[in-house]
Amino acid sequence: MQYQPAYQSPQQHYINPGQIDTSFNSGLEAISRCPSIYIKQRPDYLESLGFCEKKNVYYVYQSDTMGNKPDFKHQAPIFKCKEDSSCWQRNFLPGACRAFDLKVKQYDQKQETNTVFRLSREFKCTFLCLARPIMEVQLQNGGKLGYICYPFMCCDKGVEIRDENNSLLYSVKGSCCQWPFLVKLPCEACQRARFDIIDSQGQKISELWKESAGFCNALCNVDATNFRLMFPQQSTSRQKALLLAAALFIDFNYFEESPQDQNNDSL
């Protein structure tokens, strides 16, 4: 059974996964015609055994208009995203504080490919409304795409997406009263969280879903987070790249735990 999110744009029509166009894979063009994407984090089973936190790696797949999970065996990713950060920050700082660079590259299994754009966040000692983290999104040639900001929210979870001129494009917000923020249970329904994508006028225009990484992964506390991202209609390739960056930023802020965090939770 294919999963369908609660929000559906009335003008969107379902596209069968078998009809997805995979003939393009060049820079931002690889995301320009995607109605939605599926972000899959590579699980690291050594981390679940108490070993050190490894660098995060994500694979980005084109999906259909409803954001359904693609066929990983027969469909190659369009992007590979790999974190670059210091070992001590990964293992001793919360995901919402640590500095990192995340390079988004065209996917090619046989060779190293060029970076399409990169995400860069400096270390911030965040406390309530003070020193809120900001992530800069840049093209490989140094041109700015925009910023992902982590505003102070009393109840909701989310980020703000701003363009290269620091003007608000979208807000991504989710209620804190969802199961993944309240308890850690392995059932798939308890791992799923919804974030609404809201435009600068305050209108909901699409959704981002944090998805289950599977019962067994959750039961073994394996670090793996998946996302379904449905792009707003008429969004440009630059805006889609910023929405992808926002999804990864949300993963670091709310679902990334260092070994120190896990030890504190167990206590």
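Where in the chain is the place of Gln234?

A: Happy to take you there. In this predicted model, Gln234 sits in the loop that runs between strand E12 (226-230) and helix H5 (237-255). Its phi is near 70°, a positive value in a residue other than glycine. Gln234 is also exposed, as its relative accessible area is 76%.

Now follow the chain into H5. Of its 19 residues, 17 are buried, so this helix is largely enclosed by the rest of the structure. Its length agrees with expectation: at 1.5 Å a residue the helix should span 27 Å, and its end C-alpha atoms are 26 Å apart.

Beyond the helix, look at Glu256. The side chains of Glu256 and Arg98 form a salt bridge, with an N to O distance of 3.7 Å. Arg98 lies in the loop between H2 and strand E4 (100-106), while Glu256 lies in the loop between H5 and helix H6 (259-266), so the pair ties together parts that are 158 residues apart in sequence. Both Arg98 and Glu256 are buried.

Arg228 forms a salt bridge with Glu211, their closest N and O atoms being 3.1 Å apart. This pair connects strand E12, which holds Arg228, to strand E11, which holds Glu211, across 17 residues. Glu211 and Arg228 are both buried. Glu211 has another salt-bridge partner in Arg192, where the closest N and O atoms are 3.3 Å apart. At 24% relative accessibility, Arg192 counts as partly exposed, whereas Glu211 is buried at 3%. A search of the whole structure finds twelve salt bridges.

Ala131 has a positive phi of about 50° although it is not a glycine. Ala131 counts as partly exposed, because its relative accessibility is 37%.

Arg132 is in that loop between strand E5 (115-121) and strand E6 (134-139) as well. Arg132 is buried yet has no salt bridge, and the nearest side chain of opposite charge, Glu160, is 9.8 Å away. Its side chain does reach the backbone oxygen of Tyr150 at 2.9 Å, and a polar atom of that side chain lies 3.4 Å from the backbone oxygen of Pro151. Setting aside neighbours within four places in sequence, Arg132 is in contact with Lys124, Thr126, Tyr150, Pro151 and Phe152.

Stepping back, the protein has six helices and twelve strands, and buried residues make up 51% of its 267 residues.

Definitions and conventions. Residues are numbered from 1 along each chain as its sequence is written. This is a predicted model: local features need pLDDT of at least 70, side-chain atom pairs count only at pLDDT 80 or more; totals for chains, interfaces and linings use all residues. Side-chain values use heavy atoms; hydrogens and water are left out. Helices (H or I, at least four residues) and strands (E, at least two) are DSSP runs, numbered from the N terminus. Buried means under 20% relative accessible area, exposed over 50%, partly exposed in between (1.4 Å probe, protein chains only). Lys and Arg count as positive and Asp and Glu as negative; His and the chain ends are not counted. A salt bridge is a side-chain nitrogen of Lys or Arg within 4 Å of a carboxyl oxygen of Asp or Glu. A polar contact is a pair of N or O atoms within 3.5 Å; within protein, one must be able to donate a hydrogen and the other to accept it, and residues adjacent in sequence count only if both atoms are side-chain atoms. Contact means heavy atoms within 4.5 Å. The expected span of a helix is 1.5 Å times one less than its number of residues.
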